[in-house]
Amino acid sequence: MLKRLITWLFLSVIISGINAKEYGVYQFVLTRVQGDIATITAQLKNNAVTAGFTVLADYDIGVPEDCTYKGHLILLNDSSYTEQMMRANAQTAPYAIVDRINIFQDEDGTHIAVVNPHSINRTMLMDDQQYETLSEAHLKKIRTLIMQSTQGTPSRKEYGQFRDAGFISKTMGVMAGGKFAEKIEDLFIKKNASWRTIATQVMQALRTPGPEWGMHAVFKLELAGYNTAVIGVTGRAMEAKSFDIVGAGDDDDRDDFDCPGIADAGAYPFSLVIKQAGNDVKIQMVTSMYRMKIFFEDAGKWAFMKNMTMPGSLTDEMHAMIKKGLLKLPE
């Protein structure tokens, strides 16, 4: 009996490994896109509204020093998709509901890529198979929007870290791994407060770029039915440094490019989640190092070790700015 059980478990592991699908964090939609970035952006934003998306923000990304190429990020939200995600997991879904369209240049021209919902949803919803159909349908909707908005060479090439499961393991067995829900931390808890009021105060606190990384808020998305707001936070210096560190990652095709890391711009912005918890309000985010691993793990172990103080520094800058705003400290 024991022998049959061991055999069954062994075969289950093998079959599971065979059936596991491998996804990259990012996926190209179009390469060698026609037109300039400003025109492409305008077309995409107009068509996004028609297709039922809300345009949360768009902005030029920070690029490494001496990089001659540019990138532009468009952030969208689909309310029907958001509702499905929130029903799946209201605790973790707010971190996965913003669609990120990256329009960027390199030696081969202008390209459009997106964050791959297959990869992100497996990690953030913490289920490798249950949301496969939902993720694929949403990816198809985003791809259709892009391909109907501009002309280029269609592509499904994926890049970034490739994973056959959503679980993020620890680097060298000690750093920044675990289940996504366990990596959500409370930055602040405001007693006897309203989530909407606190969200407004946080937006105000982050209106001006921070002193080191330029951290600032770029959008606020309210989920009124869940007494929750999502605030997107980024910084040009943070972006430029991250893209310089990751480079081409594991993509040998882009290894000789001048600044290939800007293809990973969809990693940003960070999401601050502000939610009502009884009479109190929690301001939460995913721990910075863990989030870096989700989006930049193919930079390699050595890159993470050399820059292990950066994530904490980013959080410290945000924390100080928000604290000052919530306490109404003088300028």
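**Exercise 1. Determine how many residues of helix α8 are buried, and where the helix packs.**

Solution. Begin with the covering of helix α8, which is mostly covered, with 9 of its 9 residues buried, where buried means under 20% relative accessible area, exposed means over 50% and partly exposed lies in between, with a 1.4 Å probe and protein chains only. The model is predicted, so local features need pLDDT of at least 70 and side-chain atom pairs count only at pLDDT 80 or more, while totals for chains, interfaces and linings use all residues. Residues are numbered from 1 along each chain as its sequence is written, and side-chain values use heavy atoms, with hydrogens and water left out.Next, take the sheet, an open one of 5 strands in the order β8-β12-β11-β10-β9 with antiparallel pairing; helices (H or I, at least four residues) and strands (E, at least two) are DSSP runs numbered from the N terminus, and two strands pair if DSSP finds at least two bridges between them. Strands β8 (184–190) and β9 (216–223) stand at the edges with a single partner strand each, so one side of each is left without a neighbour in the sheet. β8 pairs with β12 (residues 280–286) in the antiparallel sense over 6 bridges, and E185 stands opposite M285 in β12. Finally, helix α8 (residues 288–296) packs on this sheet by touching β11 (270–277) and β12, and its direction makes about 45° with that of β12; contact means heavy atoms within 4.5 Å, and angles run from 0 to 180 degrees between N-to-C directions, with axes fitted to C-alpha atoms, for helices over the stretch in contact.

**Exercise 2. Describe how helices α4 and α5 pack, and which residues make the contact.**

Solution. Start from the geometry: α4 (residues 117–124) and α5 (residues 132–149) pack at an angle of about 145°, with their axes 9 Å apart. The contact is then made by P117, H118 and N121 of α4 together with E132, S135, E136 and L139 of α5. Sorted by type, these residues divide into 2 nonpolar, 3 polar and 2 charged, where Ala, Val, Leu, Ile, Met, Phe, Trp, Tyr, Cys and Pro count as nonpolar, Asp, Glu, Lys and Arg as charged, and the others, Gly among them, as polar.

**Exercise 3. Decide whether Q161 counts as buried or exposed, and find what surrounds this residue.**

Solution. First place Q161, which lies in strand β7 (residues 158–163). Its relative accessibility is 17%, and Q161 therefore counts as buried. Then, leaving aside neighbours within four places in sequence, Q161 is in contact with Y23, G24, V25, D250, E297 and D298. One of these, D298, has its backbone nitrogen 3.1 Å from a polar atom of the side chain of Q161.

Notes
Polar contact = N/O pair within 3.5 Å; in protein donor to acceptor, adjacent residues only side chain to side chain.
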